[in-house]
Amino acid sequence: MIDHIRRIVIVGGGSAGWLTAGILAAEHSAASDTGIQITLVESPDVNPIGVGEGTWPSMRHTLQKMGVSETDFVRECDAAFKQASRFDQWVTGTKDDSYYHPFTPPHGFGEVNLASQWRALAPDQPFAEVVSYQPHLCANGLAPKQITAPEWAAVANYAYHLDAGKFGLFLQKHCVEKLAVKHILDHVRGVKSTENGDIESLLTDGHGAIAGDLFIDCTGFSSVLLGQHFGVPFISCKDTLFCDTALAMQVPYPQADSPIASSTISTAQKAGWIWDIGLPTRRGVGHVYSSAHMTDEEAEIALRDYLQDFDGSARKISINPGHRKSFWHRNCVAVGISAGFIEPLEASALALIELSAAMIRDELPVNREGMDVVAGRYNERFRYRWERTIDFLKLHYVLSQRTDSDFWLDNRKPETIPEHLSQLLELWRYRPPSRRDFHELEEIFPAASYWYVLYGMGFNQDEVSQKRSDDPVLARQFFEENTGMAEKFIRGLPGNRQLIDHLVRHGIYKI
Amino acid sequence: MANIQILNNVDHKNLRVIIDHSAEYGDNQWFAPTFAHEFRNLQNHYPIVFTKNPDTGQFQAVALLGFEVGENLFLTEDGWDAGYIPLSVARQPFLIGFQQNREDGVVVTDPVVSINMDSPRISETEGEPVFLEHGGNSEYLEQINSLLKLVHEGHELNQAFVDMLLGMDLLESFVLDVELNDGSEHRMSGFYTINETSLRGLTGDDLVILNNNGYLEAVYMAMASLSNISTLVEKKNLLKGI
């Protein structure tokens with residue numbers, strides 16, 4: 001067969017490009033003669049954005065499967081452990097307004113109606129703290145595991161905060177040295193098409209035409225292949241998610257041994273919110289806002305207020321929130337920002353890259369004939385995932401009770417809320433989100449995530465009838481077990497800084 | 001902080017050490033740290049496993065004495081019921097301390113015999129004398145000296161031993177499920193043992209390196225020692241009268 005898929009060419013060398021390369025190469029034996037050849041072409045003078053980024057717990061499995069050592073990863077990517085997102089001032093805007101969205105699902109989830117019983121038995125305590133031990137670990141600045149735990153293992157489910165620039169370089173080294181990914185530094189000047197309109201090769205300055213069977217566009221905002229070459233339209237979601245600008249800063253710690261927060265802290269502002277990510281050597285802090293509701297000057301003042309007049313320089317990043325109408329077109333698929341981008345409120349960017357690359361890996365067609373079928377499935381799946389991501393981010397804005405600016409008022413106007421989300425919110429007035437509301441096997445935000453946000457934000461639910469699952473005895477048992485676990489883990493776990501320092505100095509064992 | 005003193009025949013002239021074994025002397029420990037070159041002596045009596053030190057995260061080899069904190073199944077009313085007592089127990093209350101000395105202008109750290117004066121074994125009326133009447137070492141102290149030397153050398157080599165095992169993929173985690181005669185089940189986790197599949201697959205240079213260091217013998221001793229787990233279970237059944 002002449003048209004077997006044997007050569008994959010990835011364009012762009014940021015996190016998206018190298019993650020995709022690693023995920024594909026690890027499975028498709030790029031290092032063997034009979035495997036698939038993977039080439040990554042990147043421009044020699046692209047600046048990595050270099051802001052701190054958050055991952056999801058899926059990153060542990062992704063990296064482990066690539067054959068990476070967690071010790072090396074943490075050391076080289078300036079990574080720290082992340083166990084939750086904490087949302088401050090999102091509900092009313094007062095100083096004590098704060099809730100957690102932890103990575104561990106509620107204890108007893110699905111066994112009993114925890115929502116109705118939380119309202120009945122512990123209405124004065126935050127929902128997440130009643131059903132999950134993880135907010136207690138975060139509040140105490142604790143690590144998600146002991147120093148005796150092997151690599152990747154967890155006591156409490158965890159993800160990472162990392163330096164995106166260093167992460168790209170780390171993956172590059174691993175992909176090139178261990179996974180036989182071919183790395184070409186060159187400018188892509190044009191595309192040569194086949195008769196049927198597929199991409200035949202990429203035309204470069206110094207390496208001539210680079211031919212391939214499948215091309216993966218990881219070129220970021222410029223979307224060189226999918227957007228520019230194929231002209232696949234962009235669907236903006238700016239009418240739903242207004243944030244379109246970010247100001248990012250790197251902030252040093254007061255002392256070398258200052259605690260490292262083990263949650264991403266998101267503090268709502270007048271026209272957006274501020275992220276605060278703790279890396280071992282510094283914090284990454286940024287203000288994401290709607291330029292229609294706030295000027296750059298106002299945004300910068302708010303950011304400096306948050307940082308108590310820290311005088312470092314801020315970098316402005318423009319965001320065009322939305323995604324491409326389709327992602328896989330002919331023999332080209334876009335992964336990462338070239339496929340779409342929205343504000344990092346739930347750190348979905350890297351997670352979507354992992355999911356994209358994993359689907360390409362698992363469903364890679366054997367030949368060109370099968371590719372259109374796979375492309376159709378891929379587009380359907382990722383259209384769904386983008387829509388659910390937008391729904392979930394919008395939920396944070398819809399549930400806010402803030403009235404201190406047009407930004408918050410506009411966010412609750414019905415015409416800005418996606419219909420799918422409106423319908424669910426109507427159902428949830430009388431019952432909690434169920435697994436059937438989110439029926440995909442790898443649902444991007446599972447029902448448990450909706451629980452944490454809904455009940456964290458004081459969503460008013462009126463469950464009219466009493467059911468068997470509204471069992472106070474069983475619920476109380478789960479709540480007490482959760483308290484017990486929290487106490488036990490607080491006694492046994494080291495500080496987040498302590499574990500990271502230990503890991504950096506001594507490493508942790510694979511077993 | 002424990003009261004650790006460097007041993008000398010002036011301050012400790014009349015010192016005696018109680019060498020009996022019982023819980024009141026601190027012997028109710030459920031494992032004893034050990035090292036590769038002690039495995040041969042231990043393997044006939046105790047299961048030898050590996051665990052991570054909760055303070056340092058580093059691997060250490062231990063002889064199991066019981067199944068839970070505070071339980072030493074070898075302690076009886078008549079003392080320690082086994083033909084061999086682990087060196088880390090037998091050395092009590094002595095330990096190796098370190099003293100900084102200046103030699104030709106260079107600061108060197110020398111190991112020195114020290115003693116934990118807080119130990120319940122410390123006495124002036126019972127037990128073994130440490131020094132002779134005129135200040136010479138007693139036979140007991142001579143024994144302790146050579147024993148401490150072994151322990152010290154063993155622990156110096158521990159890291160190299162563990163690194164070699166890990167490098168050859170010779171350790172694997174295991175969960176110890178113990179069922180007693182009354183049907184009660186106890187699960188112990190956090191232990192590691194020799195990965196026998198990896199060991200059987202070793203060839204060439206790895207095998208030579210392991211053998212040259214005397215570690216190959218230790219590896220087989222550790223494997224053989226696991227048969228003592230059933231002895232421990234029997235002792236536990238006996239203790240509970242079941």
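**Entry 1: cores.** I began with the largest nonpolar core, which has 150 residues. Those with the most contacts inside this core are A:I10, A:V11, A:A21, A:A25 and A:V335. I noted the term: a nonpolar core is a set of buried Ala, Val, Leu, Ile, Met, Phe, Trp, Tyr and Cys residues joined through C-beta atoms within 7 Å. A residue is buried if 20 or more other C-beta atoms lie within 10 Å of its own, exposed if 12 or fewer, and partly exposed in between, with C-beta atoms placed from the backbone. A second, separate core of 35 residues includes B:F35, B:Y46, B:L170 and B:L171.

I then looked up A:A21. Leaving aside neighbours within four places in sequence, A:A21 is in contact with A:I10, A:I38, A:L40, A:C175 and A:V181. Contact means that the C-beta atoms of two residues, placed from the backbone, lie within 7 Å.

**Entry 2: ground rules.** The model is predicted; local features need pLDDT of at least 70, side-chain atom pairs count only at pLDDT 80 or more, and totals for chains, interfaces and linings use all residues. Residues are numbered from 1 along each chain as its sequence is written, while chains are lettered from A and ligands numbered from 1 in the order in which they are written.

**Entry 3: chain A overall.** I found 16 helices and 22 strands in chain A. Its radius of gyration is 23 Å, close to the 24 Å that the globule rule gives for 511 residues, so chain A is as compact as a globular protein of that length. The radius is taken over C-alpha atoms, and the rule is 2.2 Å times the number of residues to the power 0.38. Helices (H or I, at least four residues) and strands (E, at least two) are DSSP runs, numbered from the N terminus. The C-alpha trace spans about 70 × 55 × 50 Å along its principal axes. Of the 511 residues, 48% count as buried.

**Entry 4: strand β12(A).** I checked residues 214-217 of chain A, strand β12, and both faces are covered. A:L214 and A:I216 lie on one side, A:F215 and A:D217 on the other, and all are buried. Strand β1 (residues 7-11) pairs with β12(A) in the parallel sense over four bridges. Two strands pair if DSSP finds at least two bridges between them. A:V11 stands opposite A:D217. On β21(A), residues 332-334, the pairing with β12(A) is also parallel, over three bridges. Here A:I216 faces A:V333.

**Entry 5: strand β16(A).** How many of the seven residues of β16(A) are buried? I counted seven of seven, in residues 272-278. A:W273, A:W275 and A:I277 point one way, and A:G272, A:I274, A:D276 and A:G278 the other. β15(A) (residues 263-269) runs antiparallel to β16(A), with five bridges. A:I265 has A:D276 as its bridge partner. β17(A) (residues 282-289) pairs with β16(A) in the antiparallel sense over seven bridges. That hairpin has three residues between its strands. A:I277 stands opposite A:G284.

Entry 6: Chain B has seven helices and 13 strands. Its C-alpha atoms fill a box of roughly 55 × 55 × 30 Å along the principal axes. Buried residues make up 26% of its 242 residues. The contact between the chains takes eight residues from chain A and eight from chain B. The side of chain A that touches chain B has four nonpolar, four polar and no charged residues. For these classes, Ala, Val, Leu, Ile, Met, Phe, Trp, Tyr, Cys and Pro count as nonpolar, Asp, Glu, Lys and Arg as charged, and the others, Gly among them, as polar.
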